[in-house]
Amino acid sequence: MSHDQQYPHESLLPTAGVQLNHTAVYASDRRLSAEFLAAVLGLEVGAPFGPFLPVDLGNGVTLDFYEKRNEPIQSQHYAFLIPDEQFDAVIARLDAVGVTYYADPGHTEPGRTNGWFGGRGAYFDDPDGHNMEVMTRPYARP
């Protein structure tokens, strides 16, 4: 579909406000990184879309993994709000693949989770060193 064609699903367009739709996640191996995150979060990897390999987060936002083979990948932070009843399964999947999780973003408390804002949370690295976070309660912002 070219950019000037009409959107085929007009009913899916936002009716108010600004929403994040997708973002590119740089990876040295887009398939490895997409499959890693999808497996940890219990999601599916979508079909390739041009140079991107998407992971749909289920809330209208897609992470589009984009391969950069000959350049260093700068670490970014991605935080995922998950239902409390899925938290233990995410931690178990990290344990199953031997990925250390941490209670803090600086990765100084290995094998621990946090209880911030009345929920649970943890941080872990993806294959390219992106600092991933799972949390069951959003941050209370002033």
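## Strands, helices and one serine

Strand S1 and strand S3 (residues 62-67) run parallel and are joined by six bridges. Within this pair, Tyr26 stands opposite Tyr66 in S3. Two strands are said to pair if DSSP finds at least two bridges between them. Strands (E, at least two residues) and helices (H or I, at least four residues) are DSSP runs, numbered from the N terminus.

The model is predicted, so local features need pLDDT of at least 70 and side-chain atom pairs count only at pLDDT 80 or more, while totals for chains, interfaces and linings use all residues. Residues are numbered from 1 along each chain as its sequence is written, and side-chain values use heavy atoms, with hydrogens and water left out.

The protein has two helices and seven strands. From the N terminus on, the order of elements is β-α-β-β-β-α-β-β-β.

**The three-stranded sheet.** S1 and S3 belong to an open sheet of three strands in the order S1-S3-S2, with mixed pairing. Strand S1 (22-27) and strand S2 (52-56) each have a single partner strand and stand at the edges, so one side of each is left without a neighbour in the sheet. On average, neighbouring strands of this sheet are turned by 30° against each other, direction ignored. Helix H1 packs on the sheet and touches S1, S2 and S3. Contact here means heavy atoms within 4.5 Å.

**The four-stranded sheet.** Another open sheet has four strands in the order S4-S7-S6-S5, and its pairing is also mixed. Its edges are strand S4 (77-81) and S5, each with a single partner strand, so one side of each is left without a neighbour in the sheet. S6 pairs in the antiparallel sense with strand S5 (residues 101-102) over two bridges, and it runs antiparallel to strand S7 (residues 131-135), joined by five bridges. Phe124 of S6 is the bridge partner of Tyr101, and Phe124 stands opposite Met132 in S7. The hairpin of S6 and S7 has five residues between the strands, and Gly129 there takes a positive phi near 85°.

Why is strand S6 largely enclosed by the rest of the structure? Four of the five residues of S6 (residues 121-125) are buried. Buried means under 20% relative accessible area, against over 50% for exposed and in between for partly exposed (1.4 Å probe, protein chains only).

**Helix directions.** Axes are lines fitted to C-alpha atoms, for helices over the stretch in contact, and angles run from 0 to 180 degrees between N-to-C directions.

| H1 | S1, S2 and S3 | about 150° to S3 |

**Ser33.** Ser33 is found in helix H1 (residues 30-41). Is Ser33 buried or exposed? Ser33 is buried, with a relative accessible area of 1%. Leaving aside neighbours within four places in sequence, Ser33 is in contact with Ala27, Phe65, Asp126, Pro127 and Asp128. Ser33 and Asp128 are 95 residues apart along the chain, yet their C-alpha atoms are separated by 7.5 Å. Their side chains are joined by a polar contact of 3.2 Å. A polar contact is a pair of N or O atoms within 3.5 Å; within protein, one must be able to donate a hydrogen and the other to accept it, and residues adjacent in sequence count only if both atoms are side-chain atoms.
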